[in-house]
Amino acid sequence: MECRHCASPLEKPGDFCLVCREANTEAIVLEAARERATLTMLAADGDGGDGDDGPARRDDDPILGETTITTMPEDGENEVVELRNFAGLIGDEIRRKRPEEVYAGGDRAVIQAVREDIHHQFYRVEDEDPVDAVLERRGNRALDVVQTPPAEKIGGSHSTLIGGRTGMRAIRTVAGHPHVKKVIPGPIDAGGKGSQSGLRAKVTRADDGGNVRMLLRDGSSVQENRVVTTARDREMGERIREDLNEVLTDAEFQ
């Protein structure tokens with residue numbers, strides 16, 4: 001494949017071009033199983049590839065190519081190292097593409113290990129054909145990305161968070177999402193039902209404007225925090241809600 005910006009040859013389809021310093025892959029879809037991971041590289045809308053790493057593609061096909069990585073799962077003490085090495089190989093392929101977004105579906109342990117290896121924003125996708133689901137999602141979505149650091153997105157008249165540092169970590173986990181503009185902590189209600197499971201966080205159903213609420217629970221205390229997103233309607237807000245709950249699950253807040 002050649003770079004779609006300067007036509008320089010690339011070692012693999014969708015690689016970041018080291019000649020013109022431009023990215024060819026806009027998004028990657030990771031289909032993760034415990035023994036096998038498939039990465040599908042997607043170009044920006046309207047940009048296609050020649051499919052050197054897979055079947056021939058049309059010029060208007062946004063799929064640039066696919067890469068498959070396999071492993072032999074280990075048991076016991078060796079599993080930790082084997083899984084980390086597997087995630088490292090997947091991370092290496094993602095890093096060489098330098099995509100703006102990574103969509104991931106499949107085995108949660110593999111996805112979490114990859115998340116720990118790289119620093120790209122992940123979006124969970126659950127579908128029998130995740131590539132088609134992502135293509136449809138990207139085609140219907142035109143959400144602004146907020147570059148503000150998570151700590152600067154937190155504001156409002158209530159500065160106290162339940163759970164102390166753990167509560168702040170949950171808030172920053174949500175604030176780190178690229179489609180979250182602001183997180184506004186609310187008052188604390190100490191009259192809820194007690195729980196022994198520690199601090200838990202959940203993002204609730206989106207409103208008509210696409211904004212959501214984040215509930216923090218710690219013992220008998222409950223705090224409702226308003227999350228302002230870049231969504232413009234309920235449907236887009238629901239997609240962001242799903243992403244945020246997946247991130248909170250991966251961070252073990254659910």
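At what angle do helix α4 and helix α5 pack, and how far apart are their axes? In this predicted model, helix α4, which covers residues 164–175, packs against helix α5, which covers residues 234–250, at an angle of about 140°, and the axes of the two helices lie 9 Å apart. Angles over 145 degrees count as roughly antiparallel and those from 65 to 115 degrees as roughly perpendicular, and α4 and α5 are therefore oblique to each other. The crossing in which α4 passes α5 is right-handed. On the side of α4 the contact is formed by Ala170, Thr173 and Val174, while α5 contributes Leu244, Val247 and Leu248. When these residues are sorted by class, the contact of α4 with α5 comprises five nonpolar residues and one polar residue, with no charged residues.

Helix α5 also meets helix α2, which spans residues 108–117, and here the axes come within 11 Å and cross at roughly 85°. Because this angle falls between 65 and 115 degrees, α2 and α5 are described as roughly perpendicular to each other. The contact involves Arg108, Gln112 and Arg115 of α2, together with Glu246, Val247, Thr249 and Asp250 of α5.

The structure contains one aromatic pair.

Key:
Residues numbered from 1 in each chain as written. Predicted model: local features only at pLDDT ≥ 70, side-chain atom pairs only at ≥ 80, totals over all residues. Heavy atoms only, no water. Axes fitted to C-alpha atoms, helices over the stretch in contact; angles between N-to-C directions. Helix = DSSP H or I, 4+ residues; strand = E, 2+ residues; numbered from the N terminus. Parallel < 35°, antiparallel > 145°, perpendicular 65-115°, else oblique. Left-handed = near helix turned anticlockwise from the far one by under 90°. Contact = heavy atoms within 4.5 Å. Nonpolar A, V, L, I, M, F, W, Y, C, P; charged D, E, K, R; others polar. Phe/Tyr/Trp six-rings, centres within 6.5 Å; stacked < 30°, edge-to-face > 60°.
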